Amino acid sequence: MSPGTRRALMAVISLTAFLVIWQLADMYWFNPRLVPSPATTFVSAWQMLRTGDLEANVGISLWRILVGYVAGCVLGIILGGIIGRVAIIRDLADPILEMIRPVSPVAIVPLAMLWFGIGETSKYFVIGYASVIVVLLNTAAGVSRTPRSRVRAALSLGATNMQVFLRVVLPSAVPYVLTGMRVALGFAFMGVVAAELIGAHRGIGFLIMNSQMLMETDQLFVGLLALSVVGAATDRLFRYILDRSMKRYMQFLEES
C-alpha cells in the first residue's frame, strides 16, 4: 500500500469513527437540542448552501482572514528581521514579546473597538494580531540563527552588510518564516471568531454567536464545521503551494 493510499484510508477511518461517536453522543449521552445529530447538521448545512447563506458567511470571513493574515505576516517579517539582526533590539524586545504573547485575540477585542470602532479595520486588527506574534518570533529566530560560517564567508568575499543580510541571512531564515506563516494561518482562523464579535452582520464567527443566542444549535454546529473544514483545506492548500514553489527550503526544514 502506497503512503498516499494509507493516509487516505486512515483519514476515512478517522472521520467515520468521529461521525459514529457524534451520533452515539446525540442518541444516548446529550440532549439533542444541545448536540444535534450529524444528519440534522448536514441537512441544515445543505439548506444554508441552497439559500447561499453559508457561502456568504464563509466568503466574508475568508476575506477578513486574508487581509488580517497578510498584514500580520508582513509586519511580523519586518519586525522579526530587525529584532533577529540587531542584538540590542532583540534583548530589549524579548521581555515585551514574552508579556504580549499570552494575550489572546479575545482580550484584544475591547481595545480594537476603542481604537478602530466597530468597522472592518478593527476585525483586520484582531486577526493581524493573532498572526503577527508567531511570524515575528519565528523570523527573529531564523535570522539570529544564521550560521556564522556563511556570514564570514560572504564578508571575506567582499560583500557589504546589506548584501549579507539580503543574500545570506534572509534566505537562511526562510524555513523559519514559512513555519511561522503556517502556524499563524491557524491562529488567523481562531482569531476570526473573536474579530467577528465586533459588530459583524456576516461571517462564520457571527453565524456561530448568533446561532448560540437563538438556540439554533444545528446552525451553530454548521458554523463550527465550516470553520474546521475551510481551515483544514486552506492549510492543505498552503502546504501544497509551499511544496511546489519552495521545495528547496521545505526540504531543508524537514532535514533540520
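When I speak of helices here, I mean DSSP runs of H or I with at least four residues, numbered from the N terminus, and please keep in mind throughout that this is a predicted model. Counted in that way, the protein chain has 11 helices and zero strands, so that, with helices defined as DSSP runs, the order of elements from the N terminus reads as α eleven times over, α-α-α-α-α-α-α-α-α-α-α.

Let me turn to the overall dimensions. The C-alpha trace spans about 70 × 55 × 30 Å along its principal axes, and the accessible surface of the chain comes to about 15300 Å², with 68% of that belonging to carbon and sulfur atoms. Of the 256 residues, 36% count as buried. If we take the contacts with a separation of 6 or more, 73% of them are between residues 24 or more positions apart. As for charge, there are 21 positive and 14 negative charges, and their mean positions are 12 Å apart.

Now to the interior. In soluble globular proteins, nonpolar side chains tend to be buried together. In this model, the largest nonpolar core has 44 residues, and L54, Y69, V126 and M181 are those with the most contacts inside it. The elements giving two or more residues to this core include helix 3 (53-85), helix 6 (120-144), helix 8 (161-195) and helix 10 (217-245), and the largest share, 15 residues, comes from helix 8. Which residues does Y69 contact, leaving aside its neighbours within four places in sequence? They are I127, S131, M181, R182, A184, L185, A188 and F238. There is also a second, separate core of five residues, with I83, L97, L136 and A140 among them.

I would like to finish with two loop residues. A polar atom of the E196 side chain lies 3.2 Å from the backbone nitrogen of I204, and, not counting residues up to four places away in sequence, E196 touches S61, R64, R202, G203, I204, G205 and F206.

The other residue is M215, which is found in the loop between helix 9 and helix 10. Phi of M215 is near 60°, a positive value in a residue other than glycine, and M215 is partly exposed, with a relative accessible area of 43%.

How values were computed. Residues numbered from 1 in each chain as written. Predicted model: local features only at pLDDT ≥ 70, side-chain atom pairs only at ≥ 80, totals over all residues. Heavy atoms only, no water. Buried < 20%, exposed > 50% of the residue type's maximum accessible area, 1.4 Å probe, protein only. Contact = heavy atoms within 4.5 Å. Areas by Shrake-Rupley, 256 points an atom, 1.4 Å probe, with all protein chains shown as cover. Lys, Arg positive; Asp, Glu negative; His and termini not counted. Charge placed at Lys NZ, Arg CZ, Asp CG, Glu CD. Core = buried A, V, L, I, M, F, W, Y, C linked by side-chain atoms within 4.5 Å. Polar contact = N/O pair within 3.5 Å; in protein donor to acceptor, adjacent residues only side chain to side chain.
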